[in-house]
Amino acid sequence: MVSLPFDRQDLKALAVLLGAALAVRLLLFSLDGYVNDLATYQYWFSTAATQGVHSFYPYVLQQAGWIDYPPFNVYIFWMFGSLSQMFGSVDPVFFVKLAPTIFDLATCGLIYWFLRKQLSFRGTILATAFYAFNPAIIFNVAIWGQFDAIYTFFLVLALILALKQKPEFSAGVFAVALLTKPQAIALLPLVVLLIFKKNGIKRLLASAGAFVVTIFGVILPFNWSGSPIDFLSGIYFGAYEGYQYTSINAFNLWGLFGLWVPDGSLYIVGWVLFGGFSAVTLYILHKRLEASGELLAVFGAFLLLFAFFMLPTRIHERYLFPALSMLVLLLPFSKKIRLLYAGLTATLLVNQAYVLYFLNAGRFIEHNLLAATPQFDGVVLLVGIVNLGLLAYASVLLWREFESRRFKTVEPLNQTAKGNEH
């Protein structure tokens, strides 16, 4: 088992921090998210609660014609939908927002767990607070009511378990992340690399087995015709093919030139860009991991998630969300990382808030520099340029690491990085 570096005072302080973070989120639940999203979630919650997990997909497909969320979400729909029916006098939106909130707070606990073995109590609680009260994270969960916090929790846990040499558990948890949101695929090559380098080929094969077993265990209760591959591919590729545009409101590389522009064959270009970036990142990790340690692996995870937001087509505005959870794990160790964290917090918050305003107004953001009559939006262009600059800056940090110039500094956020003082 993985030991916890907590004592009673740690637990009390963490409980107070999480309680305050929960209170802030609960106070914001009453603010409007995207009306269409919340209505869809309420329908899925109610359907899962009344029809059960087994019949969920056939029923929704028959009644609504589409469902693009992978199977693990249905367990969450069922659990919180059942709670909503149990407490019928409570607004169902409360339970829609409560589900990701619980996982968001659990991610705060993972951050504390990871950092506590490396930092003092004060340094750890301060770094955790930077995530617990991050305005972009809070906006996504408590105002918009999106589910990005759920797969983010499993991604962070899978990475920590891989670093702590618990490969089979890491693979199983990563399978759950992938069964929650398909964009978790961005970390697959890194998890594989870490398991292989830390445990060897036999444990990698055992981890692959754990991954497959977890997949089957999660989907087994569902009513699916044909093979499991047909069942899963129908959900994943159906959702992917439903958004054939360069940028789905993401202020990234493609968003610089236009939003909701048909991508045609450009999706291949996007995947080539991401594949090339990932290959270079993984090569540097392979060469430098033993010398630089697990902080470099965390930085690699951040880079892959950030690049996944910036480079492929068909990306939504919220896909930057999990990158911040990786970056905060590095926050105490470098002022250069702090610049990235502050910058991406700002760009994610603006991207989400700006998009949500237009969505609830029933309008598209008019930005398409490639149209016959170009349409220009200064917010989209400015945020996209800042994001591109931050990706370039992060890439330089990785390259400097490859040249053995460490980005880690000796001064963490709390000057007393070692010891157990409270």
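Partly exposed here means a relative accessible area between the under-20% of buried residues and the over-50% of exposed ones. Trp-260 comes in at 26% relative accessibility, so it counts as partly exposed. Keep in mind that this is a predicted model.

**Nonpolar cores**
- The largest nonpolar core takes in 134 residues, and Phe-77, Phe-299 and Phe-302 have the most contacts inside it.
- Helix α13, spanning residues 294-310, is the top contributor to this core, giving 15 residues.
- Setting aside residues up to four places away in sequence, Phe-302 touches Ala-323, Met-326, Leu-327, Leu-340, Leu-344 and Ala-394.
- There's also a second, separate core of twelve residues, and among them are Tyr-34, Trp-144, Phe-251 and Val-355.

**Helices α1 and α5**
- Helix α1 (residues 8-28) packs against helix α5 (residues 92-116) at about 150°, and their axes are 10 Å apart.
- Angles over 145 degrees count as roughly antiparallel, so that is the label for α1 and α5.
- On the α1 side, the residues in the contact are Asp-10, Leu-14, Leu-18, Ala-21, Leu-22, Arg-25, Leu-26 and Leu-28. Facing them from α5 are Phe-94, Lys-97, Thr-101, Asp-104, Leu-105, Cys-108, Tyr-112 and Arg-116.
- By type, the residues of this α1 and α5 contact split into ten nonpolar, one polar and five charged.

**Ala-142, a buried residue in α7**
- Ala-142 sits in helix α7 (residues 135-144).
- Its relative accessibility is 0%, so Ala-142 counts as buried.
- Ala-142 and Leu-27 are 115 residues apart in sequence, yet their C-alpha atoms are 8.5 Å apart in space.

- Most residues other than glycine have a negative phi, which is the background for the next two.
- Gln-165 has a positive phi, near 60°. It lies in the loop between α8 (148-163) and α9 (167-178), and Gln-165 is partly exposed at 43% relative accessible area.
- Trp-260 likewise has a positive phi, near 60°. You'll find Trp-260 in the loop between β1 (247-248) and α12 (266-292).

Key
Residues numbered from 1 in each chain as written. Predicted model: local features only at pLDDT ≥ 70, side-chain atom pairs only at ≥ 80, totals over all residues. Heavy atoms only, no water. Core = buried A, V, L, I, M, F, W, Y, C linked by side-chain atoms within 4.5 Å. Buried < 20%, exposed > 50% of the residue type's maximum accessible area, 1.4 Å probe, protein only. Helix = DSSP H or I, 4+ residues; strand = E, 2+ residues; numbered from the N terminus. Contact = heavy atoms within 4.5 Å. Axes fitted to C-alpha atoms, helices over the stretch in contact; angles between N-to-C directions. Parallel < 35°, antiparallel > 145°, perpendicular 65-115°, else oblique. Nonpolar A, V, L, I, M, F, W, Y, C, P; charged D, E, K, R; others polar.
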